[in-house]
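I am opening a notebook on a structure that is new to me. I will look things up one at a time and write down what I find.

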Amino acid sequence: MKNDDNDDCIPTLVDVTTVSSAKVPVTILTGYLGAGKTTLLNYILTENHQKRIAVILNEFAQGSAMEHLLLTTTKNENDGNGRQQYQDWLELRNGCLCCSVKDVGVQAIEQLLEKRRNHFDYILLETTGVADPLPIVKMFWLDDELHSDLILDGLITVIDAHNGLKNYEDDRHQAKALWSRQVAMADVVVVNKIDLVSEEEKMKVLSIVQSINVTAQIYETTRSRIDLSLILDRHAYSNDSPTDYLLKKIEKQTSISIPHGHQTLNSITIELNGEFDFNALDQLIIQLLWNEQNTIQEIVRMKGVLCLRNESNYKLLQAVGQMYEFITTNENHHDNLRNCLVIIGSNLNQDFLIDQFQKCIT
Ligand SMILES: Nc1nc2c(ncn2[C@@H]2O[C@H](COP(=O)(O)OP(=O)(O)OP(=O)(O)O)[C@@H](O)[C@H]2O)c(=O)[nH]1
Ligand SMILES: [Zn+2]
């Protein structure tokens, strides 16, 4: 116990039942400039979500984070003095808090939250519109051994159905690569501004999103209005995300034919029968993620539901950039030895990849 300022104070016992050991979920919110991220944040803060959300804005957000805060805050509008309080936490509607940071690193955020530990139970992190989400997701996808108080819940990407398509089609523009990357990494894609597009345009944008990322859940919105249970508490990286979902999703996938620009990311799915030899599979994954075969392909995300030799339960494979893990699920495969892998990246050679994985099956 600490007794720095009062030596004769009587030590008090802390009631352990009141100290929450639950990890705080972090949902990362991304999306290209003007897609509707702030609109979504505002919507979340006004909905009845029964959560105390801490909103963390990356200070380098396009435009200014200040505007976002002034948009979302209720208290400061009355003060007419928002600029000074902006440095620290702001009280928002529904018992939520808001803060702006330069460094979105895990430690920086943990320190920031230390002071307010009992004031929130959920974190929403809005990145700048021009952020590559890959390093941010990697940062928050933490090992249990690190004993962080944070747990990555998922990545939501908001896209502008109208301008997003323009950005995607504009080859001269850097936007395309970034836009695609934000879609590729997403667990949920919110296709916003549906009110501004025709049915035909909408179908086109949906099929592009799906071709880049077959595993993401895709929702259409106007003014970013969406049932919050669809975007919060997704547990996208834990073993309670049902393997069934991935298997079904891939079954439903129809062949999509859209023109692919050369730097565009896309998804490929691999379905194989049999049991993997774990060591061979592990080696292959390392080779692929670290590009030890010197191919031009780049893998940014991989998910799989796999059967391993001598294991009766499905294994879930998750890879983000060059990091990966196998998670044991509670689901017995009952000798239905179906394996399903989704690989998201650029310049992917489907035949080559199928062949490589096939060789790891005993
Ligand atoms: N017509 C239409 N306008 C929308 C919709 N959603 C948001 N907007 C408008 O689009 C503009 C940009 O929305 P924001 O929520 O600020 O977008 P953002 O992604 O936070 O933008 P940055 O922070 O600048 O990257 C605002 O003027 C919104 O009012 C929509 O569904 N339909
Ligand atoms: Zn914004």
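Is helix α8 (residues 175–185) largely enclosed by the rest of the structure or open, and how many of its residues are buried? I looked this up first, keeping in mind that the model is predicted. Eight of the eleven residues of α8 are buried, so the helix is largely enclosed by the rest of the structure. I listed the buried ones. They are Ala175 and then the run Trp179, Ser180, Arg181, Gln182, Val183, Ala184 and Met185.

**Entry: the whole chain**

I stepped back to the protein chain. I found twelve helices and 13 strands. Of its 362 residues, 36% are buried. Residues 24 or more positions apart account for 77% of them.

**Entry: the core**

Next I asked which residues of the largest nonpolar core touch the most other members. They are Val55 and Val189, in a core of 79 residues.

I then followed Val189. Leaving out residues up to four places away in sequence, I found that Val189 touches Thr157, Ile159, Val183, Val209, Asn213, Ala216 and Ile218. Val183 is also one of the buried residues of α8.

**Entry: Ile109**

I picked Ile109 and found it in helix α5 (residues 106–114). Is Ile109 buried or exposed? I counted 24 other C-beta atoms within 10 Å; the cut-off for buried is 20 or more, so Ile109 is buried. Ile109 touches Ile56, Val104 and Leu150, again not counting residues up to four places away in sequence. Ile56 and Ile109 are 53 residues apart along the chain, and their C-alpha atoms are separated by 8.6 Å.

**Entry: ligand 1**

What surrounds ligand 1? I found 19 residues, and the closest are Gly36, Lys37, Thr38, Thr39 and Gly129. Helix α1 (residues 37–46) gives the most to this shell, with three residues. I sorted the shell by class: eleven polar, four nonpolar and four charged residues.

**Entry: a database record**

Last, I checked UniProt. An unreviewed entry there places the feature "domain: CobW C-terminal" at residues 265–361. Over residues 265–361, I read 46% strand and 22% helix. The end C-alpha atoms of this stretch are 27 Å apart.

Definitions and conventions: Residues are numbered from 1 along each chain as its sequence is written. Chains are lettered from A and ligands numbered from 1 in the order in which they are written. This is a predicted model: local features need pLDDT of at least 70, side-chain atom pairs count only at pLDDT 80 or more; totals for chains, interfaces and linings use all residues. A residue is near a molecule or strand if its C-beta atom, placed from the backbone, lies within 6 Å of it. Helices (H or I, at least four residues) and strands (E, at least two) are DSSP runs, numbered from the N terminus. Ala, Val, Leu, Ile, Met, Phe, Trp, Tyr, Cys and Pro count as nonpolar, Asp, Glu, Lys and Arg as charged, and the others, Gly among them, as polar. A nonpolar core is a set of buried Ala, Val, Leu, Ile, Met, Phe, Trp, Tyr and Cys residues joined through C-beta atoms within 7 Å. A residue is buried if 20 or more other C-beta atoms lie within 10 Å of its own, exposed if 12 or fewer, and partly exposed in between; C-beta atoms are placed from the backbone. Two residues are in contact if their C-beta atoms, placed from the backbone, lie within 7 Å. UniProt positions are given in the numbering used here, feature names are shortened, and annotations may be inferred rather than shown by experiment.
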